[in-house]
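Visitor: I would like to learn how to read the contacts, helix packing and sheets in this model. Could you take me through them?

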Amino acid sequence: MAHAEHAAAPAILQEVNPAVLPRAVLVANNRSFSWITEKICGIIEGKTPAWWWIFFGVAVFVASFTVAGITYLIATGVGVWGHANPVNWAWDIVNFVFWIGIGHAGTLISAILCLLRQKWRTSINRSAEAMTIFAVVCAAIFPVFHVGRVWYAWYLFPIPNSNVIWQNFRSPLEWDVFAVSTYGTVSVLFWYVGLLPDLATLRDRFYAAGDKFRSFLYGLFAMGWRGSNRHWSNYEMAYMILAGISTPLVLSVHTIVSFDFAVSLLPGWHTTIFPPYFVAGAIFSGFGMVLTLMLPLRAVYHLEDLITQYHIDCMCKITLATGTIVGYAYAMEFFIAWYSANPYEGFTFINRAFGPYAWAYWIMITCNVLTPQFFWSRRVRQNTTLVWVLSIFVNVGMWFERFVIIVTSLARDFLPSSWGYYSPSIVEIFTFFGTFGVFSTLFLLFIRFLPIMPMAELKAVTPQADVHGGSDHH
Amino acid sequence: MSKIFPPSANKLPLQIIIYLGVLVGLATAGVTYYMTPKYTRVGYAPVQPVPFSHAKHVGEVGLDCRYCHSNVDQSAHSNVPTSQTCMNCHNQIKLTSPLLAPVRESYETGKSVPWVWIHQTPDYAFFNHAIHVNRGVSCVECHGKVNEMDTVTHLQPLSMAFCIECHRDPAARLRDPKDVFNLNSQTLAAQGKAEQAAKFVHDWKVKPPQSCSGCHR
Amino acid sequence: MKRKFEHPAPSAREQTGPKYWRSLDDLAATPGFKAQLAREFPEGAAQLDGVDRRHFMKIMAASFALGGVGLAGCRRPEANILPFGKSVEGIIPGLPQYYATAMPLRKSAIPLLAETHQGRPTKVEGNPSYAPHGGASSLLAQASVLDLYDPDRATAHTKGGAVLNAAAVNDLLAGISQRFAATGGTGLAFLAEESASPTRARVVKLLRRKFPKAVWAEYEPVTDEPPLAAAQACFGVNVKPLYRFAKAKRILSLDANFLSADSGSLYYAREFAKGRRVTKKDDPMNRLYVVESGLTLTGSMADHRLRLASSHLLAFTAALGGKLLSTEVLKPLTEGLDVNQKWVDECAADLAAHRGECLVVAGNHLPAAVHGIVYAINAFLGNVGQTVDFVGVEPSSAASISDLATALKGGAVKTLVILGGNPAYNAPADLDWAALQKSVAEVIRLGYFADETSILAGTHLSAAHYLESWGDARTADGTIVPVQPMIMPLFGGLTEIEVLARLAGEPTADPYALVFTTITAIAGGEPEKAMRRFLHDGVLAGSAYATNAVAFDQRGARALLREIPKLAALSLKNLEVRFIADHKMDDGRFANNGWLQECPDPITKISWDNAIMVSPKLGKELGIDPKGALLQVARKEENEFSIGKENARVFELAVGGRKIRGPVHIQPGLSNYTVVVPLGYGRTATGHVGKGAGFSAYPLRTSAAMHVATGATLTDTGTRLLLANVQEHWSMEGRDLVREANLDEFKENPAYVSGIGMESHTPSTIGEVGKKMTLAQRSAQIPRGGSLYDNPSLDGHHQWGMSIDLNTCIGCNACVVACQAENNIPIVGKEQVMRGREMHWIRLDRYYSSGTADAGAFGGEGNRELPEDPQVSLQPIACMQCELAPCEIVCPVNATVHDEEGINVMAYNRCIGTRYCANNCPYKVRRFNFFDYNERSLDSLYLGQLGPSGMPELVKMVKNPEVSVRMRGVMEKCTYCIQRIQNGKIQHKVKVAQAGSPGDVVVPDGTIKTACQQVCPVEAIVFGNILDEKSAVSQAKARAHDYSLLGYLNIRPRTTYLGKLRNPNPQMPDYAALPLSRAEYNQKNHPAGHGEHGGARAHEPAPAHGGEPAKKEGHK
Amino acid sequence: MAAPSYGLIATFDTAPGLYRAAQQVRDAGYRNWDCITPLPVHGLDKAMGLKRSIVPRISLAGGITGFVTGMTMVWWTDAFDYPLLVGGKPMFSPMFAFPVSYELTILFTAFATIIGMFVVNGLPMHYHPVLKHDHIRRGMDDTFFIVIEARDPRFNLANTSALLAQAGGKDIKELET
């Protein structure tokens, strides 16, 4: 189609000749197809490195905290957490929103960037999608187990029953049920479709290597993919459509999550700015997490040629942009609180910044608004270690953002008589801590057994994939 | 060259899908039948300490329900008769019947006869007999034709669905108030007196609660 | 935490109830029973004569099985129905019965109706046929039911550890009786509680006639009646005052907490409210002056409150008396009094201006001299016979505990019989009672618990609860009321009169017979009939004390003033200690009552503990002034809170060498150097509930200084103690929650409430259409107002609503416990309350205001200071049943929805416990079962499945079978007592159906009462059908000063409030043109002077005007 | 081996090579033939003369079903089958029915798309003659193939292999079914 455009382009364009604008190198050193295949499949085919076992062991151990915490909770009651009137939601929902937010970057990278033809995404989208799915898994733990009677959680789904009673579709929580489950499902499907050709590659490589068993396993899921171009054309179309629907999906999910608060009448929750603010925040934290995960991976597997400085720059810039949006949202909340002339509203925000939870508020401001500003500097962006550290700040900050929104608003609401102060119990802390183990466990399994990058797509963005000999225009 | 999968492998996916479909279908059907009150409650007919036959006492002798269940029209709770009530007659007839031994014993000692409870509602559902029997809902609606039962059997599911069905359309179930304890009577609707039923609903301001508070406290 | 207190599960297999049956064998013996068998159909409760009634009780007791199964319900697989063996008169399984009885307390009693379900009393209500209380009852009466089923109560008679059976006890008592008969009682001594029971008085007479040489002593650690001596001296007769507050336009209380700590409090509160209640602009309203050392409920109602040490009250009274009576005699008494003279003068002037319609009341604990002067003042002002009557009473001929102690010291006493009380715990410290008691050869103790005294006694006889006993009593005004058993003594407990009768060697010791004799003698007429009537009405008509036309006798009064106490200036080094009966524990007798322990103190809001209360000034001087946050965005807390829990410093309080340790609580409103210490805590020998709750202050008390002691000092022990304080923040923060005005403002603008709060400058939420509608229409049609949605209308036959009058609410907390009793609300224990997990469905918010709101965020001095002399505003808060309920919208599973009669209902069995509703409730009235509070004992909550589950059968019996007992993980809340509403409607429909007018389904106003409404002594709570324009609630809501809390949220609460009014005297030095909370509101929302939208502007919205000042506020 | 022939397969080393060959085969008028590529080759569809995929239409159908299901479900449960008064909100309003319907739209679209893609591609097909080709492994790696099926009317061992050879195909082999 680049074709058609140029045919129609006005003369002036010819002179400007965008073609000669330097194009970022997505796969450096002009690597060949087979080099890419070797590189990525090598990770899976090679023998498991010792460090993997160590990390895996640690991850599983950490994950066991969540399992233990949840078991205790179910056996005893929600009371083992720190909740109480007036703070009936705290870490549970904070963690839920936090993890969901993390997940968003994955979908964003793979879907939105795909739609925007941002080819640089290809190197990171596979692991980003994996991250999404694992984050959703971690997120789902909390809303499910924070309910008082988890064994009745099925009441949340419209299943015909002998009590002929249904769900309340006016409740944002009910919307959440649909949003999150849809999000999880679609992410998995999207991810799987992307994996299809690579699984076929692995199938055949293992067969060649004489490993019938693994060849069979990968083959089973490759569904007999054979690289037929007639398939490719439908495949590409389907992939594009999935990308297309994932984009509104990812936006809607965090919008709906933000409705949980925006629909209520609590000062500090009842805010129309929430949807865009939450989505921006989600992308912000998401990219933070992508950086946190990808940079070590890049170092360990020497993927500098695939995850180039260009990629890191892009991600840093997005972090900077969304971080600034979030900062703007914070400011806006204050302005609206003042402008609304509602004393309850006004107090809530003053209380956030200077009340008993001020410490949380200022951690949030520091990590979310100040930290990303460093990314203005190219030198910072080029210092991967520094970028990695900053990305961790971003993750911390976004967790605190949710904490500030949820807990400080609840702790001091309308009637001073019911004001209180929430502090977490050890069980809560361990349960949350454990989810990082759950996440890492899944992620480690992923990098060990699945191609961490979409080989087919990577090849497609190399010059030699171009049937017209290395240039878009001719 | 990858020949791990034989040609036959191509048929498998479809077959698997079909089998799964059938399996899930069966499971759903099974659950909906076996795990709802329609199955768990209906048909419950335990052996009572005394083989009391409603068929004989009501059907043949012609006792009114209220002779034994004397408070059903005043109380939430339809009382089970005291042994004394039994003895009112059985100190004249069947004086020595071994079947009545528990009743006589209870009468002497004052200890209760451990009748087995058949029509139970869950503890969080508060059913009130008085309001129903006083406003045109007959015993039959929930208990069936007890007057024809030798051993009382649980006939209706008595599930929330069952209650709600009637609460949504009372007119269909109402009887002429004087027929309430006549277990052979017909509902007004069944007698083709729909407009009379409608009038009943209107005049008596019949408005069964459909919100939680009606039954749950 | 060793507290073990459990509640029953819904699926209770109550068949096991019979464990508590009194064996039915003894039935057969009695003639009445045979007679009953003779009848073919034993019906006709009409023939309930005494004898039958008692067996009836026995059979009743035998019927828990049905009580449980019938209503508490059972689950599959198999359950049994256990009908009575014999039909019981008047019993309809499934319908509760109500019987008249009374709860005796010291020299008075509260007439009650006890609700029994198949023989188990589950709830008591005030007996409406006793007019002075009008069906109200008290906090203690409500909670007393729980004591009946207390698993820790004494369950057997023991002697030296060995259990005695009934026969053995009789022999024991008979033995004593014979042994001392010879010597005329030499060496025999009795220590009993005060009592107003005519029967006991009669039996005691018999006893003393039989043992003339025996010592009969009575002791009460706290006093709720004025000293007889004073009246004796002043009037020369034995009279006690009965106040007629309804007639009093001006009231001066001298350290008298007549609203909650007097034997006549229920009556007084009710009468006071009559004089206080204002329904329209020209209604009169009384004015209350209070001079007090602590901050009492009475003080919190004051229009003018003067903080003064109790030990200075005599001086104050003298000063006032001198002014009023214009005499110099009292001058010497006023030496060293340090108060604003203007206060005294103006107060006196105001009283003088209301001769015959004012009233001066002195605290019962004050010395006779004060009472003497007060009698003089009342006499002089012509109040006697108007606002105060003097009624003749029997002088007590009993010896004091000190006399008894001397006797014991002499070793003259061989056998000591202690009836009730608990001297080992609460006797004056200087007597060293424990040692004395041990020194006696034989001590027989009749007690409800095996408490401190019983442990030291050789023989313990377990006493019967009043709901298990036959007896009688007199109310504060002398009306004789019956004490009827609802149930056979569960553990064969004995009543006091039975024990005494046996000791007196009476032919019949059967308590019923004893009461029968007494009453029929008094009532005269045909005995059986008289008795039946007495039992039926629950009062003996015309038995009140006779009013005595007294004449004030100067000389007598002078005698009281003979010795003039030296007035010592108080300071940090010389503190005054004021011992008060605790609002909940009383003198400690209720220490094992979980409902009372968990009920927060109405003023301090502390539950499960007492505290040493000190004034903010003293706090500063002691160096425990809590520091607020760096940037104080809200008023500073009055006490130190660490992570939401009050972390109090433990101090040592020493008086005359005696020491106690306790947590210090800074309490605004106290006289600067008065330390207030509630009695009744720190029990060492009590049940699982009472153990470890608070500290005992008795070790400080000496018979010389029973109520007030001076020369006390406080020293920090360096340790700290966490207190379960249910209200962390004390300030209203200048919000429009409790809307107050002075009477004069109200008179010119009765609708002043609508000039306050967001609503006053935002467009009406109900829109123009809504404004045109009547209340009834509005409640049924739910006008859309500015809303995006059109609201479905409510088509019920009734629309329920409630109105709470903040002007009369005295914050006695009776509603809190009444609700707990009615709705099976569990207690959660100190640890959970500290976390903020208390389950009360109705709570009382208590706010202080000092008139200095902080200036916004970066506070001016306002929020760095604690008010030393605050105004108190109380606000009962329960679910408001919002028409547009925010909680419903957010519940994902439809567990909480609206019913067609406008109630926000909860289906516990549908709730999955997301707690979203609680978050979205602006009033925070929803309560969540964080643990299985009903299944797990409080000390094993965190053990989950590993901990023991289930609870004693005994405790199950207190549960109201009409309400499901909630399980863990479920949200619960007030539903206007939905069970009462449903049953009320059903009974009405049944009635009309059987009466042949089935169409009249609308329940007449007043037939359905919520538990909180029914118990309220001041009738502050009105509930009813707002579709009915004439109903009490409709009329209340129609008043001009009716407002919705947080109305601007457009959630349309069905519970609305009537604004609070204050009636200050412009002449007084401490006159405030606006109530302090209102001043704070204005400072915060309308700075720069221009006041809020009062007056005519109140009604039409003025957004522009309103927006602007609030913006200013936002800036800071 | 007497196994019936499936068709001919030819190897190409570069994408451009394949591209040009595909154009020739297309122009030769073959119908039942295919290209095997390790990556989606941009423009190859046109070169092969493939029509636009019909997957989008399936997706659209799925999406519409999803939205309708959502709206109907909310209306039926809350407004028709068991209407309950909830916070004074109407029994049904597209406002609060929207989020759920929206999510279902996406969910159903996703399923439709993927199932559609599989069905149209005739996948899963774990066994296929092409997969038996000795060097097919490289087809998932870096080499390109053209397969012309024997069932094509124009198929003729000699001419077809000539065509492939002349189009630049190397290592032309016969595939057995």
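Guide: Gladly, and we can begin with an interface. Two residues are in contact if their C-beta atoms, placed from the backbone, lie within 7 Å. Where chain A meets chain D, 56 residues of chain A and 60 residues of chain D take part. A word on the source: this is a predicted model, in which local features need pLDDT of at least 70, side-chain atom pairs count only at pLDDT 80 or more, and totals for chains, interfaces and linings use all residues. Residues are numbered from 1 along each chain as its sequence is written, while chains are lettered from A and ligands numbered from 1 in the order in which they are written.

Visitor: Which elements give two or more residues to the side of chain A that touches chain D?

Guide: Elements here are DSSP runs numbered from the N terminus: helices (H or I, at least four residues) and strands (E, at least two). On this side of chain A they are α3 (33-45), α7 (172-208), α9 (229-262) and α17 (455-460). The most comes from α9(A), with 17 residues.

Visitor: How do the residues of that side divide by class?

Guide: Ala, Val, Leu, Ile, Met, Phe, Trp, Tyr, Cys and Pro count as nonpolar, Asp, Glu, Lys and Arg as charged, and the others, Gly among them, as polar. The side of chain A that touches chain D has 29 nonpolar, 19 polar and eight charged residues.

Visitor: How many residues of chain A are in contact with chain C?

Guide: There are 54, and they meet 60 residues of chain C. The elements giving two or more residues to this side of chain A are α4 (50-76), α7, α11 and α12 (343-354). The largest share, five residues, belongs to α12(A). By class, this side has 32 nonpolar, 18 polar and four charged residues.

Visitor: Now for helix packing. At what angle do the axes of α10 and α11 of chain A cross?

Guide: Axes are lines fitted to C-alpha atoms, for helices over the stretch in contact, and angles run from 0 to 180 degrees between N-to-C directions. For α10 (residues 274-301) and α11 (residues 309-339) of chain A, the axes come within 8 Å and cross at roughly 145°. Their crossing is left-handed, meaning that the near helix is turned anticlockwise from the far one by less than a right angle (clockwise would be right-handed). Among the residues that meet are A:Phe284 and A:Phe287 in α10(A), and A:Ile318 and A:Thr322 in α11(A). The contact has 12 nonpolar, five polar and no charged residues.

Visitor: And what is the strand order in the open sheet of chain C?

Guide: Strands of a sheet pair through backbone hydrogen bonds, either parallel or antiparallel. Two strands count as paired if DSSP finds at least two bridges between them. This open sheet has seven strands in the order β6-β5-β17-β16-β15-β7-β8, with mixed pairing. At its edges stand β6 (162-164) and β8 (215-218) of chain C, each with a single partner strand, so one side of each has no neighbour in the sheet. On average, neighbouring strands are turned by 20° against each other, direction ignored.

Visitor: In what sense do β5 and β6 of chain C pair, parallel or antiparallel?

Guide: Strand β5 (residues 157-159) and β6(C) pair in the antiparallel sense over three bridges. C:His157 has C:Leu164 in β6(C) as its bridge partner. Helix α6 (residues 166-183) of chain C packs on the sheet, and its direction makes about 85° with that of β6(C).
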